[in-house]
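Here's a quick walk through a model, from its surface to the way two of its elements pack. Have a look at the picture, then read on.

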Amino acid sequence: MRGSWASKTEFILSCLGYAIGIGNVWRFPYLCYRNGGGAFLIPYLIMLVFCGIPLFFLEVSLGQFSGRGCVTVFQIAPLLKGAGLAIVLCNFVCVSYCNVIMAYSLLFLWNSLRSRLPWMNCGNKWNTERCLELGGQGSLIMNASARWRTSADEFFQY
């Protein structure tokens, strides 16, 4: 048997901690910008009302009622046997994605603490032959057909 909650507040705070993550804070504004700004909110809110909230309520209700985990709770209906494994697989994909974002943040933080930033010069293994080293010259006017890229562009894009 699984453990129970000490109070209703503990349960609500646990649900909020599960539902609100880095995707809500970081990814959602990016998706709004990429998909049309405010126009993206209409289909998002429709899917939230008709799919997101009911499915979240179903998952929480079944979990609290049965006291089981997400893999074994769907034994109540033979048709839904694979749903628990699908939830575990989806969570694994989301956790992997968030861990990669956090690892990149730590990598950039670590590289920014060096005395010479790695994206300041063109002598690195990720640079191409079209790398252009600006070196503090201020603004530079380039021919658009030459397709030169700065060393910082090559570091953050490739």
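This is a predicted model: local features need pLDDT of at least 70, side-chain atom pairs count only at pLDDT 80 or more; totals for chains, interfaces and linings use all residues.

The accessible surface comes to about 12,600 Å², and carbon and sulfur atoms account for 67% of that.

## Fold at a glance

There are 5 helices and 2 strands here. Reading from the N terminus, the order is α-α-α-α-β-β-α. As for contacts between residues at least 6 apart in sequence, 36% of them join residues at least 24 apart.

An unreviewed UniProt entry labels residues 12-29, 41-62 and 83-110 as "transmembrane region". How do two of those spans look in the model?

Residues 41-62 are 100% helix and 0% strand, with the end C-alpha atoms 29 Å apart. Residues 83-110 are also 100% helix and 0% strand, and here the end C-alpha atoms sit 40 Å apart.

## Helix 1 against helix 3

Two packed helices are described by the angle and the distance between their axes. Helix 1 covers residues 8-19 and helix 3 covers residues 41-66; their axes come within 13 Å and cross at roughly 135°. Angles over 145 degrees would count as roughly antiparallel, so this pair is oblique instead. The crossing of helix 1 past helix 3 is right-handed.

Which residues meet there? On the helix 1 side they are Phe 11, Cys 15, Tyr 18 and Ala 19. Helix 3 brings Phe 56, Glu 59, Val 60 and Gln 64 to the contact.

Key. Residues are numbered from 1 along each chain as its sequence is written. Side-chain values use heavy atoms; hydrogens and water are left out. Helices (H or I, at least four residues) and strands (E, at least two) are DSSP runs, numbered from the N terminus. Contact means heavy atoms within 4.5 Å. Accessible areas come from the Shrake-Rupley method with a 1.4 Å probe; for residues, only the protein chains shown count as cover. UniProt positions are given in the numbering used here, feature names are shortened, and annotations may be inferred rather than shown by experiment. Axes are lines fitted to C-alpha atoms, for helices over the stretch in contact, and angles run from 0 to 180 degrees between N-to-C directions. Angles under 35 degrees count as roughly parallel, over 145 as roughly antiparallel, 65 to 115 as roughly perpendicular and the rest as oblique. A crossing is left-handed if the near helix is turned anticlockwise from the far one by less than a right angle, and right-handed if clockwise.
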